[in-house]
Amino acid sequence: MAAVNAVPGLSLVKSMSSAHLTEADTYWSHTAERLEQSFTTVSAGLAQPGGSAWHGVAAASAQERGNADLLTIRTVANQLHDAADIARLGATRGDASRQQVLDAVAAAEQDDFEVSDNYSVTDLWSGGSEEFQANRKKLAQQHADDMWHKASA
């Protein structure tokens, strides 16, 4: 089966936002930190509940369980930190890619081309010599290729 190379149209690129990834990054980072802090506090408190030293089989068992739980939570917290890192990277790359497309569109428009949603360009100039028209056509194709390439990224 052939792969489909779907390129987002200009209107979609203009409306794209990475806010959801930034929010996920913040939420996951905050959640990981709270989990680690909470379980570290609980685990440390098992050695001296209420400020009093605790000894014996029950104390050792509780401390052992607290340490095991802390290790489990640190694994989960690390996964949340990893997910936050991925979300942050996705937001950064998505924003950069979006801006590259918008910059390419702006460059085409600055050269007096109209850009359609599928990145085809229409020359707003008419007339001139055959050489002038050939150069404009070549420039239009360069802009179209540049926008298409950046949008497909």
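Residues count as buried under 20% relative accessible area, exposed over 50% and partly exposed in between, with a 1.4 Å probe and protein chains only. The model is predicted, so local features need pLDDT of at least 70, side-chain atom pairs count only at pLDDT 80 or more, and totals for chains, interfaces and linings use all residues. Residues are numbered from 1 along each chain as its sequence is written, and side-chain values use heavy atoms, with hydrogens and water left out.

Helices (H or I, at least four residues) and strands (E, at least two) are DSSP runs, numbered from the N terminus. Two loop residues stand out by backbone angle. Most residues other than glycine have a negative phi. Tyr119 is not a glycine, yet its phi is positive, about 75°. Tyr119 sits in the loop between β1 and β2 (121–123). Its relative accessibility is 2%, so Tyr119 counts as buried. Asp112, also not a glycine, has a positive phi of about 65°. The loop between α3 (57–110) and β1 (113–115) holds Asp112. Asp112 counts as partly exposed because its relative accessibility is 30%.

Helix packing was examined for α2 and α3. Axes are lines fitted to C-alpha atoms, for helices over the stretch in contact, and angles run from 0 to 180 degrees between N-to-C directions. Helix α2 (residues 19–45) packs with α3 at about 165°, and the axes are 8 Å apart. The two helices, α2 and α3, are therefore roughly antiparallel (under 35 degrees is roughly parallel, over 145 roughly antiparallel, 65 to 115 roughly perpendicular, the rest oblique). The contact of α2 with α3 comprises 15 nonpolar, 9 polar and 6 charged residues. Here Ala, Val, Leu, Ile, Met, Phe, Trp, Tyr, Cys and Pro are nonpolar, Asp, Glu, Lys and Arg charged, and the others, Gly among them, polar.

A pocket is an open set of points on a 1 Å grid over the protein atoms alone, where a 1.4 Å probe fits, with protein on both sides within 12 Å along at least five of seven lines; lining residues have an atom within 4 Å of a point. The lining of the largest pocket has 15 residues. Nearest its centre lie Met16, Gly94, Asp95, Ser97 and Arg98. Helix α3 gives the largest share of this lining, 6 residues. Both α3 and α4 (130–152) supply at least two residues each. By class, the lining of the largest pocket splits into 7 nonpolar, 5 polar and 3 charged.

His149 lies in helix α4. At 55% relative accessibility, His149 is exposed. His149 and Ala104 are 45 residues apart in sequence, and their C-alpha atoms are 10.0 Å apart in space.
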